[in-house]
Amino acid sequence: MKRILKLWFTAVFCGLILFPSCTETENTSDEDLKNTYIADLQAKKTELTDLMNSVEYGGAIGQYPESSKTILEDAIAALDVMINDFMAGNDISDENYYKAISDANLAKTEFSKTINQKDDPSEFTPVPAELLVNGQNGGCIDFGYSEEFFNFGEDGKAQFTVDLWVKLDASQNFMNLLGTYRDEGTEINGDRGGWFINYFDGKKMRFSMATTYYHGLVEPGTEWTDYGNWVHVAAVLDENTSDVDDNGHKRVVTFYINGEEKEKASAEYNYQPNKYETHLMAFCAPNREGGNYNNSNFGNGYIKDVHLWSKPLSADEIKALYEGAVKVTADNEDLIAGWEFTATVADNSSIPDITGKFSARLSGDYTWKTLEEDMTPQIE
């Protein structure tokens with residue numbers, strides 16, 4: 001209305017007094033107004049563009065659904081049309097200007113309302129990452145309880161394979177990398193059960209297995225100090241083997257590092273499963289009830305591509321896993337459980353395994369370190 005009155009007053013003034021420069025003054029005023037409108041619309045476009053590019057998209061709390069981008073993209077496109085029209089001298093009016101600004105502000109408000117107030121796995125986009133668990137500071141992976149994690153057949157006929165990739169940044173005296181092993185009692189009245197991959201004495205990677213005799217631990221391994229690099233570790237238990245040592249005892253466990261056999265271990269006594277509802281855990285140690293507790297078995301490290309198998313894998317099969325020659329899927333009937341841990345997840349408290357039967361929970365001090373490069377293990 002003010003602009004209309006201004007134009008009316010100018011026309012009357014020019015017509016009555018015949019001021020020679022009125023037409024030039026009015027043209028200049030319209031051009032200034034057009035430039036002002038265009039500058040405002042461009043500023044609003046920049047505001048929406050910056051907002052769209054500055055927020056995080058995904059399914060986690062505080063992120064925006066990927067689909068919400070459309071709200072801002074449509075508003076920015078509408079501003080572009082209006083800016084181009086004004087620059088061409090078309091449809092320049094207060095009504096069009098204020099409507100464009102109002103529509104842009106409304107889009108901004110609608111976009112802001114879409115922020116996730118709770119996790120939405122359907123909107124989550126995994127990002128390649130490495131999982132670091134700081135067990136010495138309370139970090140832990142709890143894979144839950146299942147007899148399939150430690151009970152591998154009839155007494156004296158157990159068959160099982162575990163393989164995984166780990167990376168340690170520094171020497172640690174003694175740590176549980178993965179397992180269900182639990183030691184209850186004393187040496188006089190003790191009770192051991194289960195198994196675990198562990199790093200011992202700051203220099204040895206090994207597999208430890210309880211037997212029916214308290215002092216009859218079977219612990220094949222090898223010296224390893226290649227800190228800062230991924231290493232593939234595998235252990236195969238086969239109590240049905242026909243391979244025996246000079247004492248007539250079966251060589252029941254074969255230990256591998258990076259696809260190469262490092263040691264075979266004999267057992268005088270049979271494998272002893274857990275007697276308690278002990279959880280499968282990594283970088284921490286379980287108690288009878290399955291929770292972790294503070295002892296020297298805690299450690300820090302990275303882990304990925306964890307697999308438990310219901311059969312003794314051959315040397316060739318272990319080699320193929322190390323070289324990445326096979327893709328482990330739920331279709332493999334011998335796979336008990338498996339977790340990749342090669343990308344961020346929607347819910348760190350419930351990470352489904354490859355088979356869909358189990359889930360793992362991260363707790364305490366852990367970090368997903370995102371990567372841009374290919375996560376395929378590098379074979380040297």
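Student: What percentage of the contacts between residues at least 6 apart in sequence join residues at least 24 apart?

Tutor: With contact meaning heavy atoms within 4.5 Å, 66% of those contacts in the protein join residues at least 24 apart. This is a predicted model, in which local features need pLDDT of at least 70 and side-chain atom pairs count only at pLDDT 80 or more, while totals for chains, interfaces and linings use all residues. Residues are numbered from 1 along each chain as its sequence is written, and side-chain values use heavy atoms, with hydrogens and water left out.

Student: Why is the link between Cys 140 and Cys 284 called a disulfide?

Tutor: The definition asks for a pair of cysteine sulfur atoms within 2.5 Å, and the S to S value for Cys 140 and Cys 284 is 2.0 Å, so the pair qualifies as a disulfide. By this rule the count comes to one disulfide.

Student: What makes this pair tie together parts that are apart in sequence?

Tutor: Cys 140 lies in strand E2 (residues 140–142), whereas Cys 284 lies in the loop between strand E13 (281–282) and strand E14 (300–309), so the tied parts are 144 residues apart in sequence. Helices (H or I, at least four residues) and strands (E, at least two) are DSSP runs, numbered from the N terminus.

Student: Which residues of helix H5 are called buried?

Tutor: Buried means under 20% relative accessible area, exposed over 50%, and partly exposed in between, with a 1.4 Å probe and protein chains only; in H5 (residues 315–323), Ile 318, Ala 320, Leu 321 and Tyr 322 are buried. The buried residues of H5 pack against strands E3 (159–167), E10 (231–238), E11 (250–257) and E14.
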